[in-house]
Amino acid sequence: MPPITTSIFELLKIGPGPSSSHTIGPMKAGFDFMNRIRQLPDDIRLQGDTLEIRLFGSLSATGEGHGTRRAVMSGLLGYLPDTCQPNVLEECSDNDRSFELDINGGTLTYQPNQIIFDAVQHDFPHSNTMIFRYRQGETILCETTYYSVGGGFLRWDGWEETHRGEPVYPYKNMAELKDHLRANSLRLHELILANEKAITGMNEQEINEGLDRLIQVMEKAVELGIQTSGLLPGTIGLQRKAHIMHQRAKKEHFQGPGFIKAINAYALAASEENASGHCVVTAPTCGAAGVIPAIVFMLKRQMGALQNEVREGLLAATAIGFLCKHNASISGAEVGCQGEVGVASAMAAALMAYSRGYRFQVTENAAEIALEHHLGLTCDPVGGYVQIPCIERNAMGAVKAYNAYLIATTLDESYQKVDLDKAIHAMAQTGRDMSKKYKETSLGGLAQSMTEC
């Protein structure tokens with residue numbers, strides 16, 4: 001297995017919710033395919049009269065509730081997740097509305113309801129598969145098969161890793177990462193920064209500005225969420241809870257139970273913004289986008305953490321996310337919610353410990369404890385919406401992250417018997433053994449129980 005070469009800003013991306021696999025990835029696919037059409041020779045491009053788009057796997061099973069049609073349509077219209085307006089998906093919410101797509105010298109009329117929800121069970125190499133075809137009658141002029149592989153990452157047939165620099169400190173697992181830290185007398189954030197500069201060519205100022213923007217978007221999602229009440233979109237009729245929870249925490253002056261209520265409120269807030277299709281940070285996914293912002297907000301607002309402390313903590317968190325993605329998965333469609341909220345909780349626990357000044361062993365222990373106690377967590381969204389149990393699950397993940405931090409920083413670090421590499425391996429094994437109906441299809445677990453009731 002090659003060393004990790006993922007960029008911080010590939011793992012942590014800004015874009016519209018409610019699901020990075022179902023909105024950010026498909027939006028990128030729509031954008032990419034329109035560029036492919038525009039690059040066709042004139043005599044081929046202008047003959048096309050039909051656009052065929054088919055969604056497979058969990059994209060088909062839960063795409064309606066996750067807003068996948070709207071996301072694909074937004075991409076076809078030229079929007080990208082990190083630069084679009086926060087409410088861009090709302091503009092494409094009418095499935096019967098006709099849009100004129102620019103094909104460079106002509107237009108193609110298309111409606112979101114023409115996007116086909118195809119087979120849930122299939123033989124493609126990844127659950128979240130999309131086939132785009134541009135045709136003249138039955139003749140295919142251009143075709144691409146895309147895979148939304150979790151966290152907003154997009155692959156396609158023939159995809160190759162873009163050329164990038166080699167990491168200064170190559171590692172594939174936590175054991176190798178710790179060897180570098182010891183051998184070079186480095187702190188964890190310094191190693192991640194050095195690798196990021198080598199891999200991407202960015203300088204430290206550019207990286208810090210990028211991290212500050214991520215933190216800003218996280219804080220904004222929490223701020224909007226705790227100020228907003230009412231019903232979330234969709235047929236469930238779910239009430240927002242963050243505003244009320246925050247008001248109760250404030251009455252208790254964020255002390256005692258009020259402190260835990262505040263963490264819950266912040267996680268609920270960002271998750272409710274995600275469920276509304278507004279912009280969040282994939283941390284590491286949209287479905288888990290409330291966990292890390294809750295800890296960030298709490299650190300800055302209740303514990304007086306400085307920006308550089310949070311920034312360094314976020315770098316430590318990305319190291320945990322890299323390891324989980326590289327050696328297991330962060331996709332609910334592959335390993336269930338243990339790979340989304342479970343990984344987010346592990347990252348948040350590491351962020352908490354590191355930003356409070358603890359070194360890498362305590363940071364690793366905090367991450368491992370949080371991940372260990374999410375193992376086996378299924379992904380069973382009711383009605384295909386990222387609402388039940390997803391929103392409260394983010395709150396539980398944030399509280400577990402805080403508790404993992406408490407355990408790791410209270411007990412002697414030598415007491416820890418399970419290391420992070422073992423927990424990640426267990427997550428990968430559990431994900432492989434997990435039935436597909438518990439992997440973002442809404443065919444099992446709470447999703448099925450709610451339907452039966």
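Student: Where does Asn-195 sit?
Tutor: Asn-195 is in helix 7. Helices here are DSSP runs of H or I with at least four residues, strands are runs of E with at least two, and both are numbered from the N terminus.

Student: Buried or exposed, that Asn-195?
Tutor: Asn-195 is buried, with a relative accessible area of 4%. Buried means under 20% relative accessible area, exposed means over 50%, and partly exposed is in between, with a 1.4 Å probe and protein chains only.

Student: And what does Asn-195 touch?
Tutor: Not counting residues up to four places away in sequence, Asn-195 touches Pro-167, Val-168, Tyr-169 and Tyr-171. Contact means heavy atoms within 4.5 Å.

Student: Before we go on, what sort of model is this?
Tutor: It's a predicted model, where local features need pLDDT of at least 70 and side-chain atom pairs count only at pLDDT 80 or more, while totals for chains, interfaces and linings use all residues. Residues are numbered from 1 along each chain as its sequence is written, and side-chain values use heavy atoms, with hydrogens and water left out.

Student: OK, zoom out. How many helices and strands are there?
Tutor: The protein chain has 18 helices and 9 strands. Its radius of gyration is 22 Å, close to the 22 Å from the globule rule for 453 residues, so the chain is as compact as a globular protein of that length. That radius is taken over C-alpha atoms, and the rule is 2.2 Å times the number of residues to the power 0.38.

Student: How much of the chain is buried?
Tutor: Buried residues are 57% of the 453. Also, of the contacts with a separation of 6 or more, 76% are between residues 24 or more positions apart.

Student: What about the cores? Which residues have the most contacts inside the largest one?
Tutor: Leu-12, Tyr-266, Ile-292, Ile-320 and Leu-371, in a nonpolar core of 103 residues. Helix 14 (residues 341–355) gives this core its largest share, 12 residues. There's a second, separate core of 26 residues, which includes Ala-29, Leu-51, Phe-99 and Met-130. A nonpolar core is a set of buried Ala, Val, Leu, Ile, Met, Phe, Trp, Tyr and Cys residues joined through side-chain atoms within 4.5 Å.

Student: What is Tyr-266 in contact with?
Tutor: Leaving out neighbours within four places in sequence, the partners of Tyr-266 include Val-222, His-246, Phe-254, Ala-294, Phe-297 and Met-298. Ala-294, Phe-297 and Met-298 are also among the buried residues of helix 11.

Student: So why call helix 11 enclosed?
Tutor: Because 9 of its 11 residues are buried, helix 11 is largely enclosed by the rest of the structure. Its buried residues pack against helix 8 (204–227), helix 10 (257–275), helix 12 (307–327), helix 14 and helix 16.

Student: Which residues other than glycine have a positive phi?
Tutor: Ser-185 is one, at about 50°, and Glu-440 is another, near 65°. Ser-185 lies in the loop between helix 6 (174–184) and helix 7 (188–200), while Glu-440 lies in the loop between helix 17 (420–433) and helix 18 (445–452).

Student: Are those two buried or exposed?
Tutor: Ser-185 is exposed, with a relative accessible area of 66%. Glu-440 counts as buried, at 3%.

Student: Last one: where are the cis peptide bonds?
Tutor: One joins Ala-283 and Pro-284, with omega about 5°, and Pro-284 is in the loop between strand 9 (279–281) and helix 11 (291–301). Another joins Ile-388 and Pro-389, with omega about 0°, and Pro-389 is in the loop between helix 15 (360–372) and helix 16 (390–410).
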